[in-house]
Structure formats: C-alpha cells, structure tokens
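Let's take a walk through this structure together. Have a look at it first, and then we'll go through a few terms as we need them.

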Amino acid sequence: MGTTSDGDRPWQSYHTAYTNAKAGMEGVDKEKVQRIIYEMSKGSKYFENEKRKEAYIRQKVENLHTLCAKLTDKDMPHFQEVANKKILELEASRDLSKIWLHIDMDAFYAAVETLENPSLKGKPMAVGSMSMICTANYEARKFGVRAAMPGFIAHKLCPDLVFVPTNFEKYTYYSELTRKVFRRYDPDFIAASLDEAYLNITESCNERGLSSEEVAAELRNNIYEETGLTCSVGVAPNRLLAKVCSDINKPNGQYILPNDRKAVTTFISSLPIRKIGGIGKVTETILKDVLGINTCEELLQKGAFLCALFSHCSTDFFLSVGLGLGRTDTPEQKLRKSISSERTFSATGDEPMLLQKLADIAETLSNDMQKECLWGRTLTLKLKTASFEVRTRAVSLQKFIQSKEEIQTYASKVLKAELPLSLRLMGLRMSQFRDDKCSPRDPMQKTLASFVISGNVTASATCVNKSSISEFSDEHQICDAQTDLSVHRESSASNDNKISLSYETNDVLASNQLSCGLKFASTSNADGIENMGNGCSEKCDSVETKNEMISNFSGHKTVAASSQKVELSWVDGYICSVCGIEMPPSFIEERQEHSDYHLAEMLQEEESVYGTGHLTQERSVRKALQAKENARKKLKSSPNKGRHIPIDAFFIKGKKNL
C-alpha cells in the first residue's frame with residue numbers, strides 16, 4: 001500500500017477484492033479500474049481498513065520468511081520425505097468412480113430482475129444501491145463493475161449503470177424453481193447458495209445410459225424452460241474440480257473434465273491457485289511471496305516447504321489441490337447449528353433508523369425460524385462500524401424464543417448498549433436450538449446428567465467474557481453462560497481470514513464454595529482424598545493424584561485423560577507425540593507455541609463437553625491445589641521452621657493462596 005518505485009503510480013500497489021477478475025471481465029482495462037478504485041477510495045475508512053489488512057498480510061509473509069530462513073540443509077531432506085509420503089497416501093485415495101456436477105446460475109439476481117422487467121435487457125445494470133452492489137449483469141462487468149463493490153465506485157466506472165433494489169423474496173422463489181429441477185437428477189443435491197449447487201449425477205448417467213455431457217446439457221435446458229434463466233455447468237470427478245470447471249465457459253456454457261487421472265493432472269498442472277475454492281487473496285499472497293507458488297502443480301514441487309511451514313490440515317489441502325483431489329462423498333445431513341440474517345446500508349448513526357433496520361432484520365430472522373420450526377436461546381448481534389470494525393455481541397436467554405417481538409426486544413437492548421455508533425451493517429444470528437422442536441422444557445432446568453457432571457456445587461453461574469485478537473476472520477464461537485442476559489463480547493477488524501479468539505475467564509467460586517466442593521468430592525468418592533480441610537495429604541505429591549482429585553470432584557474421569565494430552569514430547573527430535581506434526585529442533589519458539597496450542601485445544605474440548613461452569617470449577621480446584629502444594633513445598637524447604645505451623649497461621653496462609 002502507498003507509493004511504489006514509480007512514485008507517481010501508487011495505485012499499482014493498491015489491490016482489493018474489486019480488482020480480481022470475475023466471469024465476464026476478461027476484456028476489462030484492469031489498470032484503469034485499479035486506478036479509479038484507488039482514487040475513489042483514498043482517504044476513506046475502507047481505504048484505511050485495507051491498509052491495516054495489507055499490513056497484517058505483510059507481517060505474516062515476513063514471519064514465514066523468517067521460518068524459511070531457519071530451515072537448514074539437514075531439515076529439508078526430512079520434510080521432502082514427509083511430503084513424498086503424504087503425496088503417495090493422497091494419491092492412493094483418488095476416487096474416479098463418481099461424476100459430480102456444479103451448477104452456477106448466471107448473474108442470478110440481475111437475471112431475475114431482467115426476466116421480470118425486460119426493458120433492462122442489454123443495459124448495464126446492478127442489483128443493490130450506491131452503498132453496495134449484490135451482483136452486476138454481464139453488460140456492467142465489461143466496465144469492471146462487480147459484486148461486493150460500492151455503488152458510487154461502480155457508477156464512476158460506468159456512468160450509465162442502472163441500479164435495481166434487492167428483492168430476496170423474488171430470488172428465493174426462483175431459486176426454489178431451480179432446485180425442483182436439481183432434485184430430478186440428485187435428490188440429495190448440496191445447495192451452496194441460492195444460485196449454486198453440487199449434484200452427484202453418477203446414478204443418473206448410469207441408469208439412463210447417458211454421458212455426463214448429455215446430462216449437463218439436458219439439465220441446463222430444463223432449467224431454462226422452467227425458469228427462463230440460464231446457468232453454467234462444470235462436470236468433474238470431484239466437487240473441487242467441478243466448481244472450477246463451471247466457471248470456464250460462463251455464461252450459459254458447460255465444461256466436462258473426464259474421469260481420467262491423466263486428464264485431471266493435465267488440467268490441474270497449469271491452473272492458477274486462485275481458481276481453487278479455499279485459496280483467497282491472503283493465501284494466494286502468502287504462497288506467491290514466500291514460496292513463489294503460482295500454479296497448482298508448483299504446490300507439489302514445493303511440498304517440502306509446505307510441510308515445514310504449515311499445519312497438517314493446510315498441507316494436506318495444498319497437496320490435494322496439486323493432485324487434483326477433492327471430496328467425492330455426499331455429506332450426511334447435519335442438524336442446523338445457527339440461522340442468521342444481515343443487511344448492509346449506508347453508514348448512519350441515527351438511532352431510530354438503526355432500530356427500524358434491526359426490526360426488519362428481526363422479522364426476517366423470525367420468519368426463517370418459523371419456516372424451519374426452530375426455537376433458539378442464544379442471540380448474537382453483528383455490527384460493522386463506519387470504520388469497518390466488526391463487533392459481535394451475544395446474549396444467552398433463560399427461554400427459547402422465535403417470535404419477531406421477542407427477538408427485537410432482546411436485540412434492541414444489546415444494540416442500545418453500544419450506541420452512539422455509526423454503522424454500515426447489522427445482522428442477527430440465533431443459535432443453541434431446542435433439541436426437541438415440540439418440547440416446552442425450560443432450558444435452565446437441570447437434567448439428571450448435568451446434575452451428576454456438575455456435582456451441583458456451584459452456587460452462582462459463571463460469566464465468560466470473550467475478546468478476539470485482530471487477526472482478521474469471519475469465524476467465531478459463542479460460549480453460552482447459564483445466566484440471564486449475560487452478554488458475551490467479541491470485537492475484531494473485518495477481513496477474509498480467520499480470527500483467533502482469546503478467552504478471559506473470571507472465576508466466581510468463593511473459597512467457602514471451593515471447600516464445600518472438595519468436601520463433596522471426599523464424601524462422594526470412597527477412594528478420593530481424605531482430610532481435605534486440613535491441607536493436602538501425601539496423595540497430592542504426584543500429578544496423577546491431583547488429576548484424580550479433580551476427576552473425582554467433577555464426577556468424570558475424562559478430565560485426567562485430557563490433562564495428560566498436554567504433556568507432549570518430540571519423538572526422534574521432530575515429531576509431536578500428540579498430533580504427529582514435524583517441527584525441527586531449531587524452532588524453539590514455534591514448539592512452545594505448538595504446546596500452548598494443544599493446551600488451548602484441550603480446554604476448548606472440555607468446555608464444549610462439560611460447559612463453562614464445569615471448566616471454571618476445574619480451574620478453581622487446580623488453582624487451589626497448586627497453591628497448597630506450593631505452600632507445602634515452601635514449608636519443607638525452609639530450614640528455620642518445623643514441620644508443623646500454628647493452626648491460625650495455616651488458615652491465614654490458606655486464604656491468601658486461595
């Protein structure tokens with residue numbers, strides 16, 4: 001970001017999502033578009049946010065360059081061997097027995113509007129407003145106008161651009177018409193959005209004796225006949241490649257990749273990495289700047305570096321891409337975890353206007369929940385400020401809700417707590433749904449299982465505050481608390497990458513409650529710890545005994561097992577004993593971070609299994625036990641004091657430690 005070596009051409013270093021090529025933009029003067037976007041954005045809040053993102057990416061690239069520099073000549077043969085082994089394992093998993101079809105409607109929102117209003121045909125048109133564009137037709141794309149672009153920039157690129165307001169009821173109606181056609185070819189099709197889907201047409205081809213090319217052409221024709229809309233189709237042995245293929249002959253075209261290994265490897269070898277779903281702007285920049293990787297074939301050639309620098313998951317994905325591998329199975333239907341609705345608008349700080357927009361979003365969310373018969377009790381408010389900072393505020397309720405009035409009431413309370421604030425986006429998400437959709441059971445009512453797990457020893461609930469580190473992401477978790485209207489806070493900068501969340505837990509167990517809990521464990525477990533009120537017994541000397549104490553206290557043995565996971569070692573000096581990741585001995589700081597990662601992973605697992613209250617109890621017990629052990633060791637090591645201390649001094653010291 002900023003000036004380049006040319007000095008008078010700073011726009012050349014300004015790269016945003018708007019400058020990336022999209023179907024229908026092949027003949028666009030990219031330099032002209034890049035320059036106009038730079039001039040229109042310079043000095044804006046968006047521009048400043050883009051600078052922050054660029055700085056983050058540069059820092060990440062520098063860190064990886066540093067790691068590369070640490071790799072020695074002795075390290076590389078090892079990682080090359082690891083990469084070769086992974087490639088062989090991945091190649092053995094190649095499945096060429098399935099035929100997957102990816103279908104993508106052409107400029108869907110714009111096409112629906114043109115179908116409803118034929119006078120728009122042939123004119124450059126965008127669905128959206130001067131604030132933001134949802135999509136643009138192919139006439140507008142010739143000028144560099146594209147989805148997710150601010151309308152005022154699009155108008156500068158194309159002065160004759162026609163704006164049409166969004167109408168999602170209309171788009172949903174036409175989307176359902178297309179899905180009726182999809183079901184004829186694959187009843188279990190995977191809907192990726194309103195305008196795209198994945199279909200497994202293997203059985204359709206075999207049963208009817210048709211080639212994949214014939215089925216694709218028939219499908220496109222049926223959709224056009226029943227909706228009046230065109231679509232583009234890609235056919236390949238797996239979903240990853242099918243999506244790439246559907247973009248090749250847009251609009252209203254198709255591309256067939258045969259189920260042949262040689263054809264797949266030839267196709268993937270020269271494919272730019274950005275064409276792959278899952279490799280976005282940040283990942284592309286890192287791979288190019290750090291390792292010089294531009295094509296999918298080069299992912300295999302630099303496999304050793306990928307194994308050395310990235311996680312197991314990332315490395316497997318990169319190598320799979322290089323081999324042209326993707327998912328071929330139809331995923332099982334999973335229960336919905338959440339449902340959401342959001343709106344983007346011109347930045348405003350007007351409270352009545354924001355409350356009205358919130359009411360509209362609440363109504364949409366309520367209608368969607370009623371359609372699926374969902375009742376939830378964790379409501380999350382998403383806010384994007386005028387400076388592009390993203391905040392989320394979550395509230396846990398004592399009952400399940402579904403109605404617009406209840407959603408609006410609770411959401412308004414959370415929003416008012418944040419005002420005054422200038423916003424450009426608001427959204428609502430409902431999660432933690434009722435398992436039995438017809439059950440009126442109060443979510444705060446304890447079940448027998450939860451009573452046994454928690455030990456029923458906590459007198460008050462635990463409130464968890466969450467704050468995110470600005471590592472630019474769209475993903476986040478909500479940790480539910482057992483309190484009425486306990487608000488969990490998250491705050492982040494907006495970007496396309498992942499946010500790392502850090503948790504600050506405030507333990508609310510008082511010392512007398514802790515003592516009560518320990519006595520409960522003692523009386524409930526005959527083999528547990530005796531004389532807990534008089535300090536640690538000799539059984540406290542080992543880590544295993546302390547783990548046993550905590551597991552007895554919680555009523556579950558898994559805590560001790562999970563605690564042992566953190567005690568990792570490095571097998572043969574390279575391999576993590578917990579997850580198997582390879583890391584050279586010279587990566588001292590990285591090894592420590594890896595150990596911390598496993599600790600955090602263990603805590604998150606326990607939190608998800610037992611709940612926040614249970615985890616807080618466990619931490620409090622560990623803290624108390626550690627304090628008592630430290631006091632005992634200090635007493636033993638002191639040459640001036642006897643083995644015993646006065647009872648008054650014992651209780652004073654015990655209170656301080658707690």
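A residue is called buried if its relative accessible area is under 20%, exposed if over 50%, and partly exposed in between (1.4 Å probe, protein chains only). This is a predicted model, where local features need pLDDT of at least 70 and side-chain atom pairs count only at pLDDT 80 or more, while totals for chains, interfaces and linings use all residues. Residues are numbered from 1 along each chain as its sequence is written, and side-chain values use heavy atoms, leaving out hydrogens and water.

Let's start with Phe 168, which is partly exposed because its relative accessible area is 34%. Tyr 171, in contrast, counts as buried at 0%. Helices here are DSSP runs (H or I, at least four residues), numbered from the N terminus.

Now for the rings. Phe 108, Tyr 109, Phe 168 and Tyr 171 form one aromatic cluster. Rings of Phe, Tyr and Trp (its six-membered ring) pair if their centres lie within 6.5 Å; planes under 30 degrees apart are stacked, over 60 edge-to-face, and the rest tilted. The count by this rule is 9 aromatic pairs. In one of them, Phe 168 and Tyr 171 have ring centres 5.6 Å apart and planes at 80°, so the pair is edge-to-face.

Finally, which residues of α7 are buried? Among them are Lys 170, Tyr 174, Leu 177 and Val 181. Phe 182 is buried too, and so is Phe 189.

Definitions and conventions
Helix = DSSP H or I, 4+ residues; strand = E, 2+ residues; numbered from the N terminus.
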